[in-house]
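Please look over the sequence and the model below before reading on. The text then goes from a single residue out to the chains and to the contact between them.

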Amino acid sequence: MESNVLVVDDSAAIRKILQRVLRQTGMAIHTIHEAGDGQEALGVLTAHRIDLVLSDINMPKMDGLQLLASIKGAAQWRQIPVVMITTEGGETKVSEAVKLGAAGYVRKPFTADQIKEKLAGILEPALPL
Amino acid sequence: MNLNDMILKSITDSTLQVFSTMLGVDIACGEALVKAGLPEANEGVVSFIGLAGTWAGTGSVSCSPALACRICAEMLMCEAPAVNEEVLDTVAELTNMIIGSVKTELEKHLGPLGLSIPTVVYGRNFKTKSAGNAEWRVVRFCWDEEALVVKLCLEPKEQAAHVMFHTSSSDSCALEV
């Protein structure tokens with residue numbers, strides 16, 4: 001089944017790069033939604049069926065860890081895998097994200113292969129044509 | 001290795017890695033030096049990001065408008081004929097990644113540091129200045145003929161500079177960091 005992915009980052013540049021990388025992974029992706037912060041992401045989650053969230057940590061209004069806590073605290077969303085993609089490489093943020101239930105963690109700068117590897121066990125590969 | 005050498009090495013490694021990973025480009029590394037926080041004339045695109053913790057300061061990336069457009073075009077694989085919101089956003093993200101990597105490296109020695117959201121300035125005839133007496137660790141890079149400068153000032157919190165932004169009705173303005 002094709003998945004719907006939500007990309008959350010305050011940088012439009014990173015959202016654009018992740019859109020391109022996700023399309024190149026060979027995973028079965030139907031729609032890629034975007035949000036510029038955690039609050040906006042909650043709106044997208046309410047309006048659409050989302051199968052995977054890729055989220056930055058440092059964002060205005062609501063950061064990625066607050067978003068992660070909101071997703072894992074809501075019965076209807078808690079099964080959605082959330083992968084953090086961020087410049088934050090410090091142990092504190094990593095362990096906080098893991099403790100909150102993050103499915104994975106990718107540090108910026110990232111390669112397409114790193115994203116693909118992280119999503120391998122989460123999304124289904126696209127069926128061959 | 002003293003703190004200045006550690007910061008200069010970290011800036012160099014992080015910048016080369018970000019360009020290599022995100023743009024697929026190997027840029028050349030030029031001089032690396034420590035400079036007093038004197039007012040400095042700027043022209044082009046300058047991005048700032050704040051660091052806070054037991055140590056505090058500011059990181060900065062600056063380049064010409066032409067180089068900012070080229071960085072955007074390579075990173076997003078799109079046309080970028082002039083400085084627009086997308087170009088400024090790309091330079092801000094580049095700053096976030098470079099200084100974010102430096103921060104992660106320095107945290108091993110200085111303890112946890114927070115990173116702010118970047119601010120980008122684009123214009124001509126403006127000056128930037130540290131409000132304190134902070135020294136800037138400066139590394140110059142070169143992509144073909146165009147220069148990119150990455151700077152960081154960082155000092156124990158009690159001595160850290162505060163951020164001020166000044167504008168005037170004249171043609172020039174000053175940003176104090």
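Cys142(B) is in contact with Ile27(B), Ala28(B), Gly30(B) and Ala147(B), leaving aside residues up to four places away in sequence. The model is a predicted one. Cys142(B) belongs to strand β6 of chain B, which covers residues 135-143.

Most residues other than glycine have a negative phi. Asp144(B) is not a glycine, yet its phi is positive, at about 55°. Asp144(B) sits in the loop between β6 and β7 (146-156) of chain B.

Now take chain B as a whole. Chain B contains 3 helices and 9 strands. Read from the N terminus, its elements follow the order α-β-β-β-α-α-β-β-β-β-β-β. Chain B has 177 residues, of which 42% count as buried. Among the contacts in chain B with a separation of 6 or more, 68% are between residues 24 or more positions apart.

Two of the helices of chain B pack against each other. Two packed helices are described by the angle between their axes and the distance between the axes. For α2(B) and α3(B) the angle is about 80° and the axes are 9 Å apart. Angles of 65 to 115 degrees count as roughly perpendicular, so α2(B) and α3(B) are roughly perpendicular to each other. On the side of α2(B), the contact is made by Ala68(B), Cys69(B), Ile71(B), Cys72(B), Met75(B) and Leu76(B), and on the side of α3(B) by Glu86(B), Val87(B), Thr90(B), Val91(B) and Leu94(B). By class, the residues of this contact are 9 nonpolar, 1 polar and 1 charged.

Five strands of chain A form an open sheet with parallel pairing, in the order β2-β1-β3-β4-β5. β2 and β5 (104-107) of chain A are the edge strands, each pairing on one side only. Ignoring direction, neighbouring strands of this sheet are turned against each other by 20° on average.

Which strands pair with β1(A)? Strand β1 (residues 3-8) of chain A pairs with strand β2 (residues 29-35) of chain A in the parallel sense, over 6 bridges. In this pairing, Asn4(A) stands opposite Thr31(A). Between β1(A) and β2(A) the chain passes through helix α1 (residues 12-24) of chain A, and this β-α-β crossover is right-handed. β1(A) is also joined, by 4 bridges, to strand β3 (residues 52-55) of chain A, and these two run parallel. Here Val7(A) stands opposite Leu54(A).

Chain A has backbone features to note in its loops. Lys61(A) is not a glycine but has a positive phi of about 65°. Lys61(A) lies in the loop between β3 and α3 (64-72) of chain A. With 12 C-beta neighbours inside 10 Å, Lys61(A) counts as exposed. Most peptide bonds are trans. The bond that joins Lys108(A) and Pro109(A) is cis, with omega about 0°. Pro109(A) is in the loop between β5 and α5 (112-119) of chain A.

The last step is the contact between the chains. It takes 21 residues from chain B and 19 residues from chain A. On the side of chain B, α1 (3-23), α2 (65-76) and α3 (85-110) each supply at least two residues. α3(B) gives the most, with 11 residues. The side of chain B that touches chain A has 10 nonpolar, 7 polar and 4 charged residues.

Within this contact, α1(A) packs with α3(B) at an angle of about 90°, with axes 7 Å apart. α1(A) and α3(B) are therefore roughly perpendicular to each other. Ala12(A), Ala13(A) and Ile14(A) in α1(A) meet Glu86(B), Asp89(B), Thr90(B) and Glu93(B) in α3(B). This helix contact has 3 nonpolar, 1 polar and 3 charged residues.

Definitions and conventions: Residues are numbered from 1 along each chain as its sequence is written. Chains are lettered from A and ligands numbered from 1 in the order in which they are written. This is a predicted model: local features need pLDDT of at least 70, side-chain atom pairs count only at pLDDT 80 or more; totals for chains, interfaces and linings use all residues. Two residues are in contact if their C-beta atoms, placed from the backbone, lie within 7 Å. Ala, Val, Leu, Ile, Met, Phe, Trp, Tyr, Cys and Pro count as nonpolar, Asp, Glu, Lys and Arg as charged, and the others, Gly among them, as polar. Two strands pair if DSSP finds at least two bridges between them. A crossover is right-handed if, with the strands pointing away from the viewer, the path from the first strand over the helix to the second runs clockwise. Axes are lines fitted to C-alpha atoms, for helices over the stretch in contact, and angles run from 0 to 180 degrees between N-to-C directions. Angles under 35 degrees count as roughly parallel, over 145 as roughly antiparallel, 65 to 115 as roughly perpendicular and the rest as oblique. A residue is buried if 20 or more other C-beta atoms lie within 10 Å of its own, exposed if 12 or fewer, and partly exposed in between; C-beta atoms are placed from the backbone.
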